[in-house]
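Student: Could you take me through a few features of this model, giving the criterion for each before the case itself?

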Amino acid sequence: MSNDTARILVGTFNLATRTPKPETGNVPDLLDWLSITTDDTSAVPDVVAIGFQELVSQARATRLSTKDFYCEHDVQNTADITAQKEFGLEELDTWVDIVGQTLNSWYADHTVSTKSPHGASPTEAIQESVQYRTLCVSRMVALGLVIFVRSDNGARFHVTDVWEGCIGTGLLGFYGNKGATCVGLDLVATGMPERTWSTCFLNVHLGPHEGEYYFHWRNQEVGDILQALCLRSCGNPNAVRQLDNFQNQFFFGDMNYRLQRPVNNAEAFTKDVMRLIDNQDIEGLLALDELTHIREKKQLPPLRGFLEPLIRFLPSYKYDVGREREPDAAKSARIRYATKRLPAYCDRIMYRVSDGTRESHGADDQGWAAAKRRTAAVITPLCYHCADSVMWSDHKPVTALFSVKLESLSAETPIRDAYAIVAHAKRIYRHRILRTVARSTTVQVAVVLTVTVLSWIWLAATGGTRRSNF
């Protein structure tokens with residue numbers, strides 16, 4: 001495979017606060033989730049991005065720092081990088097190990113030709129197994145994002161800088177129990193210094209529940225995240241970017257978008273949904289999906305240009321973990337899915353190509369169509385998969401493999417100065433907080449203040465640190 005095309009594997013998994021215990025063998029088998037198979041035998045991922053939601057309970061989260069980030073990469077100024085493993089990332093350690101072991105186990109059977117270490121001619125190339133290493137780990141409250149890159153000699157791209165940021169959209173509009181954590185990468189093709197590109201991975205957990213109020217709340221979260229999130233460079237902490245400053249973006253996680261339930265006849269609607277699932281009528285289910293409706297009706301301008309691979313699987317939420325192991329579970333949706341929540345396509349993966357100028361994505365139909373064409377010309381989904389055999393959470397993990405045509409990416413990624421970027425982000429974020437506080441109840445305000453104070457007390461007693469969103 002040439003260095004003009006990159007392969008990206010993206011995965012998302014809501015863990016329902018359940019923690020694996022390797023010492024007792026209580027560990028999920030993630031092979032079905034991460035072992036992507038396609039017709040293209042050379043489709044080995046160059047970069048793997050894994051997003052987790054609900055890593056820990058809210059009670060546990062209050063005893064952790066709001067945000068932690070750890071990065072290991074071989075940029076030239078590694079000695080100057082101050083990002084260190086901080087208090088709270090141990091919540092991700094076990095998952096990082098499990099995912100890393102699964103990736104390396106699966107791709108151990110994939111070999112690549114590399115030059116002999118003794119400087120032999122290409123005809124004397126040696127075969128080497130594909131291997132991955134952890135590049136960086138990011139956590140905000142119960143959201144986790146892990147980036148893996150290839151570490152074998154056949155790696156086709158080299159990371160030159162890592163960018164990181166997060167934004168909370170939860171309680172009172174700012175607490176990190178909901179929101180996004182993001183990592184951006186600058187890369188260069190091995191042996192081709194002129195072939196550079198940038199990409200970013202945005203892992204989100206949006207607000208839950210059915211109904212029009214919560215639907216609009218999620219839409220506001222999406223708009224605020226995509227417009228207000230800032231990322232800082234690990235190599236140069238004074239450098240700041242927005243999402244549009246990366247040539248392409250992957251937007252994924254537990255988005256919590258639901259099926260559009262009518263106000264009346266809720267019970268009959270539930271029966272209809274279960275019937276659609278039993279009949280494997282995916283087209284009928286997607287006709288009720290909120291996120292599909294938004295994109296088709298062009299209702300949310302920040303989503304211009306974002307595409308999603310074709311869904312060929314059943315809703316990823318909400319499973320009854322206890323009952324889905326029963327012998328007859330495969331025969332009836334009412335056994336596999338929990339009865340207290342309507343099944344939904346909560347766990348999604350979308351992607352977009354940007355030319356770095358948000359204003360060029362017009363709000364009219366032509367603007368939407370142009371943005372979609374730009375994305376479709378560069379990124380091709382090779383697989384979109386829901387691992388329904390993984391029985392660990394009330395969510396099923398979802399993964400997607402993409403091919404990115406680097407030569408088709410725009411070479412221009414205009415970046416405003418850091419002050420202007422941060423000022424713009426703070427203005428949007430401040431408006432969000434004021435808007436949310438204005439409609440919050442006294443109880444909600446009291447809960448947030450109590451959680452914040454208790455968290456500060458715990459961190460002060462344990463030596464943990466709290467870092468700002470900006």
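Tutor: Let us begin with a cysteine: Cys234 is buried, because its relative accessible area is 11%, where buried means under 20% relative accessible area, exposed over 50% and partly exposed in between, with a 1.4 Å probe and protein chains only. The model is predicted, so local features need pLDDT of at least 70 and side-chain atom pairs count only at pLDDT 80 or more, whereas totals for chains, interfaces and linings use all residues. Residues are numbered from 1 along each chain as its sequence is written, and side-chain values use heavy atoms, with hydrogens and water left out.

Student: How many disulfides does the structure hold?

Tutor: A disulfide is a covalent bond between the sulfur atoms of two cysteines. With the criterion of a pair of cysteine sulfur atoms within 2.5 Å, the structure holds zero disulfides. Cys200 is in no disulfide, the nearest cysteine sulfur, that of Cys182, being 4.4 Å away, and Cys234 is likewise in none, with the sulfur of Cys71 as its nearest at 4.4 Å. Cys200 is buried, at a relative accessible area of 0%.

Student: How many salt bridges are there, and which residue forms one with Arg348?

Tutor: A salt bridge is a side-chain nitrogen of Lys or Arg within 4 Å of a carboxyl oxygen of Asp or Glu, and the structure holds 13 of them. In one of these, the side chains of Arg295 and Glu308 meet at 3.1 Å, N to O. Arg295 lies in helix α7 (residues 290–297) and Glu308 in the loop between α7 and α8 (333–336), so this pair ties together parts that are 13 residues apart in sequence; helices here are DSSP runs of H or I with at least four residues, strands are runs of E with at least two, and both are numbered from the N terminus. Both Arg295 and Glu308 are buried. Glu308 also forms a salt bridge with Arg348, the closest N and O atoms being 2.8 Å apart. Because Arg348 lies in strand β14 (residues 347–353), the pair with Glu308 ties together parts that are 40 residues apart in sequence. Arg348 is buried, with a relative accessible area of 0%.

Student: Which residues are linked in a network of salt bridges?

Tutor: Such a network links Asp46, Arg150, Asp152 and Arg156. Elsewhere, the side chains of Asp394 and Lys318 meet in a salt bridge at 2.9 Å, N to O. Asp394 lies in the loop between β15 (379–386) and β16 (398–405) and Lys318 in the loop between α7 and α8, so the pair ties together parts that are 76 residues apart in sequence.
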